[in-house]
Amino acid sequence: MTELERINNLLKENGLVAKKSFGQNFLINDGIIKRIVNGMDIDKYETIIEIGPGLASLTIPLSKKAKKLVAVDADRDMVAILKDIFHDSDNVTIIQSDFLRFNPDEYSRKEDRVFIGNLPYNITSELFEYMLEKDFVLAGAMVQKEVADKLMYVKGKKENCPLGAFLKARGEVTLLTNVDSSCFNPAPKVDSAFIRIDKKRDVDFALYPIFKAIFKDPNKTISNCLKQSPKFASTLSVLKEENNPCLALRARQMDIDDIISITEHIKQIKDNQVEE
């Protein structure tokens, strides 16, 4: 039985259709599924947390490799089917929850966990930010192809964004595979890509709001971006007094190490101002 046939049978048997409100587009391409699961090295890690497992296109092959798999879905209809599929699987736990309200710390340590999911495209940024806040050793995510391009930070690229820069600060983002829209049921209007994020170093999530501030406008200097930031504008006078050379640069033109350095410095200035 192909994955498309399995998905269609489950939908028909349960009287269900894909729900736009949950951003449901079920992955049906067997080759892509295999490429993703094999490319994530699942068996090397202690706990796999899957976001939005839906009808288990990834969950089933993941469960065959994972030591411990926690699948989190907000849709109670999907959860009922998942619990039936995995009723006798000792290594799989099914949780009904909005992932943004789910606490992974109750099931794993950040040093041991992997996040993976076919993300709802309407809340991709929020999900990534939550994953980064909670932290992980490895993550893999299906996103729109144009989003994947933005998230792979390259110094000087006009499409660079704060989320991509912060992912680069924490680790390395690589393209695991491009995914055509025909690989889903129903087919979305855009092509997709599955990216892998390997954590390489600890960078305080408290810096992320500063990343967002200095990347607010890709065509403006850090000085002008900070000027427009209600939260960090007060740090600008100190940076000017120091004649900080970063003020004349656009954030997207900088090396990641330099971005980390300037955001840490801005945080220190801000913290000192609060103490005073």
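Predicted model: local features only at pLDDT ≥ 70, side-chain atom pairs only at ≥ 80, totals over all residues.
Let's start with helix 5, residues 124-134, where Thr124, Leu127, Phe128, Glu129, Tyr130, Met131 and Leu132 are buried. Buried means under 20% relative accessible area, exposed means over 50%, and partly exposed is in between (1.4 Å probe, protein chains only). Helices (H or I, at least four residues) and strands (E, at least two) are DSSP runs, numbered from the N terminus.

Residues are numbered from 1 along each chain as its sequence is written, and side-chain values use heavy atoms, leaving out hydrogens and water.

## Salt bridges across the chain

How many salt bridges does a search of the whole structure find? It turns up 17, each one a side-chain nitrogen of Lys or Arg within 4 Å of a carboxyl oxygen of Asp or Glu.

Buried Glu129 pairs with Lys212, with the closest N and O atoms 3.7 Å apart. That links distant parts of the chain, since Lys212 sits in helix 8 (residues 208-214), 83 residues away from Glu129 in helix 5.

Asp135 has a partner too: Arg170, at 3.4 Å between the closest N and O atoms. Asp135 is in the loop between helix 5 and strand 6 (138-144) and Arg170 is in helix 7 (residues 162-170), so this pair ties together parts 35 residues apart in sequence. Both Asp135 and Arg170 are buried.
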